[in-house]
Amino acid sequence: MYWIIKFIQSLVKALNSEGTPAQVAAGIAFGSCLGLTPLISLHNLLIVGVIMFFRVSVPGATLGWLIFTPVGFMLDPIFDAVGMRLIVETPGLESLWVTLYNTPIIALGNPTNTIVVGSIVSWFIGVLPIYVLSRVGVGWYRKSVYDRYKDAKVFKALRASKLYSLSLIHI
């Protein structure tokens, strides 16, 4: 039950953050990489660096990570099949995988793991649609849902609550 409350708070914080819909959508798109690919990987360190360095919504990235983590687990068999096809069944790419495996820093990213490769390639294919759909969704939410209910007594009381403010800080 606790994680459901935290997820809802993260959702509300991301959708109502000061960032533009494009910044929130970029955060969701980069956070989706953290959720779709194995978390303890070198490429995710790079993704976290991109999130911190550029003007990307950190709450949006957290939201993307939370949404896409269960999706990533469900899609692992597909990622494995994609990675198997690229690593094992495509002889023309063999020299690429050997080079990546033998490159000192890149080898830490596990470039011969079928799930890692399949999930990264799948994320690269899906990142633009994720971004576009997120941008449209955040814009729609802010124009229709938030504008309609932001002055409701329940939301004013919730925003004024110190408990709400404190709980959002700890997300």
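**View 1. Helices α2 and α4 cross with right-handed sense in this predicted model.** A crossing is right-handed if the near helix is turned clockwise from the far one by less than a right angle, and left-handed if anticlockwise. Helix α2 covers residues 21-36 and helix α4 residues 58-87. Helices are DSSP runs (H or I, at least four residues), numbered from the N terminus. The two axes come within 6 Å and cross at roughly 40 degrees. Axes are lines fitted to C-alpha atoms over the stretch in contact, with angles from 0 to 180 degrees between N-to-C directions. The pair is therefore oblique. Angles under 35 degrees count as roughly parallel, over 145 as roughly antiparallel, 65 to 115 as roughly perpendicular and the rest as oblique.

**View 2. Residues of the α2 and α4 contact.** Contact means heavy atoms within 4.5 Å. From α2, the contributors include Val24, Gly27, Ile28 and Gly31. From α4, they include Gly60, Ala61, Gly64, Trp65 and Phe68. The residues of the contact divide into ten nonpolar, eight polar and no charged. Here Ala, Val, Leu, Ile, Met, Phe, Trp, Tyr, Cys and Pro count as nonpolar, Asp, Glu, Lys and Arg as charged, and the others, Gly among them, as polar.

**View 3. Ser57, in the loop between α3 (42-53) and α4.** Ser57 is buried, with a relative accessible area of 7%. Buried means under 20% relative accessible area, exposed over 50%, partly exposed in between (1.4 Å probe, protein chains only). A polar atom of the Ser57 side chain lies 2.9 Å from the backbone nitrogen of Gly60. Not counting residues up to four places away in sequence, Ser57 touches Ser17, Gln23, Val24 and Gly27.

**View 4. Thr114, in helix α7 (residues 114-149).** Thr114 is buried at 15% relative accessible area. Its side chain is joined to that of Asp80 by a polar contact of 2.3 Å. A polar contact is a pair of N or O atoms within 3.5 Å; within protein, one must be able to donate a hydrogen and the other to accept it, and residues adjacent in sequence count only if both atoms are side-chain atoms. Leaving aside neighbours within four places in sequence, Thr114 also contacts Phe79, Gly83, Met84 and Ile87.

**View 5. Val88, in the loop between α4 and α5 (94-102).** Val88 is exposed, at 54% relative accessibility. Val88 and Thr112 are 24 residues apart in sequence and 9.3 Å apart in space, C-alpha to C-alpha.

**Notes.** Residues are numbered from 1 along each chain as its sequence is written, and side-chain values use heavy atoms, with hydrogens and water left out. Local features need pLDDT of at least 70 and side-chain atom pairs count only at pLDDT 80 or more, while totals for chains, interfaces and linings use all residues.

Notes: Helices (H or I, at least four residues) and strands (E, at least two) are DSSP runs, numbered from the N terminus.
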